Amino acid sequence: MNRFFPWVLLTVLALVFLLIFVGYPILGVLARSFIGEGGGLSLDGFATFMTRGRYLEALMNTMILGVVVTCTCTIVGVFLAFVVARYEVPFSNVIMLLPLSVLIIPELISAQSWVMVFGNNGLVTNLFDAIGLEFPRFYGWFGLVYVMTLTFYVHIFLAALAALRGVDHSLEEAGQSLGTAPLPTYLRVVFPTIMPAVLSSGLIVFTLVVGNFAISIALAQRVALLSVMTYQSFISELGGNPTMQSTLATVSILLVAAVLFIQKRYLAKRNYQMVAGRTPPRIRLRGWKSIVVSGLAGLIILLSLLPALVVLVGSFTVSRGPVLYWGQFTLEHYQRIWTFNMPVIVNSLKFASLATVLGVTFATLVSYLLIKKRTALSPAVDYLLLLPLTISGTVLGIALAQGFNSGPVVLTGTAMLMVLAMMVRRLPFGVRNASSNLHNISNSLEEASVSLGVPPMRSVRNVVLPLMAPGIAAAAILTWVTTVAELSASVVIYQAGQETLPIQIFRLISSDLMARASAFGVINMIIILVPVFVGIKVMKVRLFSS
Amino acid sequence: MTFPNAFTLLAVSATLSVSSASATLAADVNLYTSNSEDAVALVLDALNEQAPDIRVNVIGGGSGSLLRRIDAEKSAPAADLFWSSGFSTLAGFSELFSGYDTPQADNLLPSLQALDDPWTGTNTHVMVLMVNADVLDGNAPESWQDLMDPAWQDKVTMADPANSSSAYAQLYGIYQLYGEDGVRKLADVVEVQGSTSGVYKAVAQGEYPVGMTMEYAAQRYVAGGQDEISLTYPSDGTFLSPEGMALVKDGPNPEDAKRVYDILLSRDLQQQLFELTFRRPSRGDLDEAIAASGLPLMKDVSIVEIDQTAAGDERERLLDLWAEARG
């Protein structure tokens, strides 16, 4: 019987890989938070966390920020999804490009470009100043909530849009024909049915906010946040304290795990199955309603895309040291990159393409194994694949760097660790994309091929793989896009000579050399955009089908 | 099928980039440097002129990550020369370096010769108060002591001394001037940024009227034309934080590395580097260039001598005191 032979072996291999590169480093972080400076078992790390400095305050701030941004993202995302799903608005084609804007504009750049607009020396702030009005202070809560909302609402928008399109219109009609007014019908019938989708995407937003590093470090000057403290504990110029690094990492893992648990409990009680209904017709709005609705939606879209524009202009703007001279243009920043920084671009391309090839190969294999060839080991693989979702990039970076700096496998400082960090971080998304249409591929096709005498492996290659191809292509593009923009894990593990574009941007922004950072930002966006464009236009890949 | 094409493309680009990245290792002197790339470009130009036979391979990065890399490579050193980091940071890695008695030492300021250490001073930071006149109500502070007035609460910022070596130098200097009491008063007033760069960015952006930072960092804004920014040298004396370079022990090419070392300390190059970066040179014969830049001469600045060794020894105790005073 070789019916199971290659699949069990492959599942074991996948499990071993995940145990070594996901399970072991994360468990290591958790364990090290209970080890004191002397090496023995101790709760010193947590005692320090509870009693000293601003750690507790940072935890509170992080939770408040997570909840607030999740709420604002829900409002913006659901509103926009509703408008797009139900009304004919003039720019619905542009709206479908929105999710891309978030993918192509690295968070770091969007934070910094908003500083250039609303910061104390920003364009709008100065404009307000000129007409004698005071613009509210952007650094701190206002800026954090504002930029994070504009960066993360897209996740909820996509989920809500998919759910709204799936709502059977006859339910609504039933409600209204029974005498309920339109608004209560929405509230009692439509919103409960899209709730599970909104909540799951809301959870993603919450984890993104809690783990966010790039926006936090740019704007949280007066607000203590856990992610920034975690990073700083690791990157301290004077050598960090491993116990404290692990403790901070553990706290953020526990925070996300707790929220994940609550959400699962809530969703378990609510399950709506739509019987393939008909999509409601889109209504054409008239008069002031049309102006208000399309105006608001248009504003959201404009604001989402503005950072890209600011960066583009900034990259051509004359600067002397940190000071920018708006309105004077130069190619100098690009010339400097050409002369000095080609290795940075090469690093980015090299690491991201390796991570993409490895990640997508692994994701394809694992999703096939998990869906078509389940064994007793499959649940373990399922759970290990969830783990990278619960930890922020910074924590993953710390886990990998600490986990592999001694012992049998020493990887700290090698380019391989950079690739691994990028790959592992995006693995859950890759698997989800690669498996998206696997459920719909009937087993009988493959069985037919096997029963006609084609060996199992070749049957997979000739029958299943071609059918999976669209999902794999989507996984490849999304993995590429996110690894090229990856900062928070790579910035804690990179070594001299391994700088990628986002790391270089981060370092330039740290030294306040915004114009030069912008030029790198434009190159980063181009590298991200080209495969996306080719994928959508040439290969007709549907990126956001899930 | 269209998708295998995308895969081939990815694979091809991966192989291409791997091969082009490995072609950079054939240089003669391997320079590990934390200096900005425009500063490095100046040095490469000067070397090209004065020692055209030497090929220099530059690895750039943060000084911490470079030093850790040199440490990781110590069984088979790849680096020849490390340029540059603070004396106190270098002290933590001194076993990685081998000393070199450069003939240029006589031209350096005495405090930067570092004759007993395996490194040589290249430049020195001067701690200053960076002031943003746009958001300042009333008079600017004149001294460290002024800052201890509760009236400055929420208006002054410094970097976290636990993370930033320059902020620690400031804290230690204030401790030396005003003792534990001064440290406690400062802790009550000042707002702390996570990193060194957070301070000058926040002041330049008008988030705080006053920041404790380094001369060169603040001067970049003045020279760039941001008129509201100015530098104050505290009247009760400021502190220096010297930086140095060092030969890496058992580096592959020590003889050529020594030539690079000497050129890095030469008058022309030090002057050009100063004019580019505003980091005060270690040579004593560049007063003209300093005066031309608008910065005061060293002899006109009141300076408190700091014993770098004592500062290092007291670090843990002082940081504990600081953490406790901050609450």
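**Exercise 1.** Which residues of chain A does the UniProt annotation "domain: ABC transmembrane type-1" cover?

*Solution.* This is a predicted model, in which local features need pLDDT of at least 70, side-chain atom pairs count only at pLDDT 80 or more, and totals for chains, interfaces and linings use all residues. Residues are numbered from 1 along each chain as its sequence is written, while chains are lettered from A and ligands numbered from 1 in the order in which they are written. According to the unreviewed UniProt entry, the annotation covers residues 59–263 and 345–535 of chain A; such annotations may be inferred rather than shown by experiment. Residues 345–535 of chain A are 76% helix and 0% strand, with end C-alpha atoms 22 Å apart. Here helices (H or I, at least four residues) and strands (E, at least two) are DSSP runs, numbered from the N terminus.

**Exercise 2.** Describe how α20(A) packs against α21(A).

*Solution.* Start with the geometry: helix α20 (residues 443–451) and helix α21 (residues 456–484) of chain A pack at about 135 degrees, their axes 9 Å apart. That makes α20(A) oblique to α21(A), the class left after under 35 (roughly parallel), over 145 (roughly antiparallel) and 65 to 115 degrees (roughly perpendicular). Next, find the contact residues (C-beta atoms, placed from the backbone, within 7 Å): among them are A:L445 and A:V450 of α20(A), and A:P456 and A:V463 of α21(A).

**Exercise 3.** Which element gives the largest share of the side of chain A that touches chain B?

*Solution.* Begin with the whole contact: 38 residues of chain A meet 47 residues of chain B. Elements giving two or more residues to chain A's side are α12 (226–235), α16 (342–372) and α21. The largest share, 7 residues, comes from α16(A).

Note on methods:
Axes fitted to C-alpha atoms, helices over the stretch in contact; angles between N-to-C directions. Contact = placed C-beta atoms within 7 Å.
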